[in-house]
Amino acid sequence: MHKAVHIASMVFLAAGTLSGCSAAPTPSPHGSSEPAAEATAAPTETPPVFASNEEALAAAAAAYGAYLTAGDTAGAEGSDSWIKYLALTTGLERDDEVKTKKELEQNGWRFSGTTSFDSMTVQSFNPRPDGRWEVRAYVCLDLSQSQKVDASGIVVSDPNRLARWPLVVTFKTPDEISQQLLISESTVWSGSNFC
């Protein structure tokens, strides 16, 4: 089965840096010779987008489910359904989806049926240097109910293809405060098949 994974520890982002440890002294009231410290606001910390592994997992599962459903119903390139599907992706995943769609349409092929997933496990969730959050998860992608077909509806998928694929899926938030996750990369797990 699947090797144990380590969950990366949570890193909190500071909203700013501190410029010193104490406020400058000001004259004390009532004629005392001792200076009185001026009150300053406490530094604020940006709360984490995901406070727990469970929150990150729930957001990743919802995002991946929506992505697969939108992919199953996406129409031709440029259609509203295709644009909505692409809006759920970013980075390499978006580039790969556009490339795959072009290849399918050039061959007169499309996908038919439904795709699903199970066994999602969060590998890590961390803030990135740009402030956005990244979640990496192990996923079993189930293609058993999906086929590649030609314009006549004849199946052109390889009959010997795997029905279930072990993947590592990377999700990213569009900004530093959003809990929305976009699929940014999806690669086949190179270790033993945990599906």
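Cys-140 and Cys-195 are joined by a disulfide, with an S to S distance of 2.3 Å. The model is a predicted one. A search of the whole structure finds one disulfide. The pair links distant parts of the chain, 55 residues apart.

**The disulfide**

- Cys-140 lies in strand S7, which covers residues 133-142.
- Cys-195 lies in the segment that follows strand S10 (182-188).
- The link of Cys-140 and Cys-195 is left-handed, with -115° about the S-S bond.

**Exposure of the two cysteines**

- Cys-140 has a relative accessibility of 0%, and buried means under 20%, so Cys-140 counts as buried.
- Cys-195 has a relative accessible area of 31%; this value falls between the cut-offs of 20% and 50%, so Cys-195 is partly exposed.

**Strand S9 and its partners**

- Strand S9 spans residues 164-172.
- Strand S7, which holds Cys-140, pairs with S9 in the antiparallel sense over nine bridges.
- In this pairing, Asp-142 has Arg-164 of S9 as its bridge partner.
- S9 also pairs with S10 in the antiparallel sense, over six bridges.
- Here the bridge partner of Phe-171 is Ile-183 in S10.
- Seven of the nine residues of S9 are buried, so this strand is largely enclosed by the rest of the structure.

Definitions and conventions. Residues are numbered from 1 along each chain as its sequence is written. This is a predicted model: local features need pLDDT of at least 70, side-chain atom pairs count only at pLDDT 80 or more; totals for chains, interfaces and linings use all residues. Side-chain values use heavy atoms; hydrogens and water are left out. A disulfide is a pair of cysteine sulfur atoms within 2.5 Å. Helices (H or I, at least four residues) and strands (E, at least two) are DSSP runs, numbered from the N terminus. Buried means under 20% relative accessible area, exposed over 50%, partly exposed in between (1.4 Å probe, protein chains only). Two strands pair if DSSP finds at least two bridges between them.
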